[in-house]
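Let's take a walk through this model, pocket and core included. Have the sequence and the structure open as you read.

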Amino acid sequence: MASRGGPRAAGTDGSDFQHRERVASHYQMSVTLKSEIKKLIYAHVVIWLLLLAQMVVGHLKLLPHDQVAMPYQWEYPYLLSILPSLLGLLSFPRNNISYLVLSMISTGLFSMAPLIYGAMEMFPMAQQLYRHGKAYRFIFGFSAVSVMYLVVVVAAQVHGWQLYYSKKLLDSWFTSTQEKKKK
């Protein structure tokens with residue numbers, strides 16, 4: 001092409017390098033989706049740590065029973081939900097498709113299934129609270145069922161978006177794999 005101070009090659013104005021400066025769209029998408037999934041994993045870790053803290057405080061009786069209630073049954077299997085997040089993070093450095101697929105399947109099993117069970121487990125208590133105004137479990141003065149339903153709704157959204165972005169990332173990785181095979 002051209003040297004810094006010297007003459008340019010014949011027939012070029014020096015701007016014909018632009019086509020080489022673009023990054024393929026599936027690589028851009030991969031980076032963006034990885035970033036979004038990492039943010040969701042960090043949000044999941046915060047939810048997970050809050051539930052773990054509630055369980056530890058409830059079982060070790062570090063605070064009175066009227067301040068922090070004992071955990072609901074769905075919270076115990078939900079503790080396993082950290083495993084899919086770790087698998088997801090492990091899949092990122094080398095675009096490991098099998099780890100990402102395992103992460104997606106185990107997210108359904110260890111994250112979404114306990115949340116669905118939790119919503120069903122707490123429904124009679126929520127119904128009693130809203131029909132009769134009676135709550136028997138509390139977390140820092142708030143009805144435990146209300147607080148935990150809020151946790152379930154937020155966690156379901158986090159895991160739902162995590163699954164959505166993981167599927168798009170998987171599609172992006174398959175696109176790049178197919179393009180490599182064509183060459």
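Which element gives the most to the lining of the largest pocket? That is H2, with six residues. This is a predicted model, where local features need pLDDT of at least 70, side-chain atom pairs count only at pLDDT 80 or more, and totals for chains, interfaces and linings use all residues. Residues are numbered from 1 along each chain as its sequence is written, and side-chain values use heavy atoms, with hydrogens and water left out.

Helices here are DSSP runs (H or I, at least four residues), numbered from the N terminus. Now for the nonpolar core, meaning buried Ala, Val, Leu, Ile, Met, Phe, Trp, Tyr and Cys residues joined through side-chain atoms within 4.5 Å. Buried is under 20% relative accessible area, exposed over 50%, and partly exposed in between (1.4 Å probe, protein chains only). The largest core has 29 residues, and Trp74 and Met148 touch the most other members.

H6 brings the largest share, eleven residues. Met148 is in contact (heavy atoms within 4.5 Å) with partners that include Leu51, Gln54 and Trp74, leaving aside residues up to four places away in sequence.

Phe174 also sits in H6, but it counts as partly exposed because its relative accessibility is 38%. From Phe174 to Ile97 is 8.5 Å, C-alpha to C-alpha, although 77 residues separate them in sequence.

How values were computed. Helix = DSSP H or I, 4+ residues; strand = E, 2+ residues; numbered from the N terminus.
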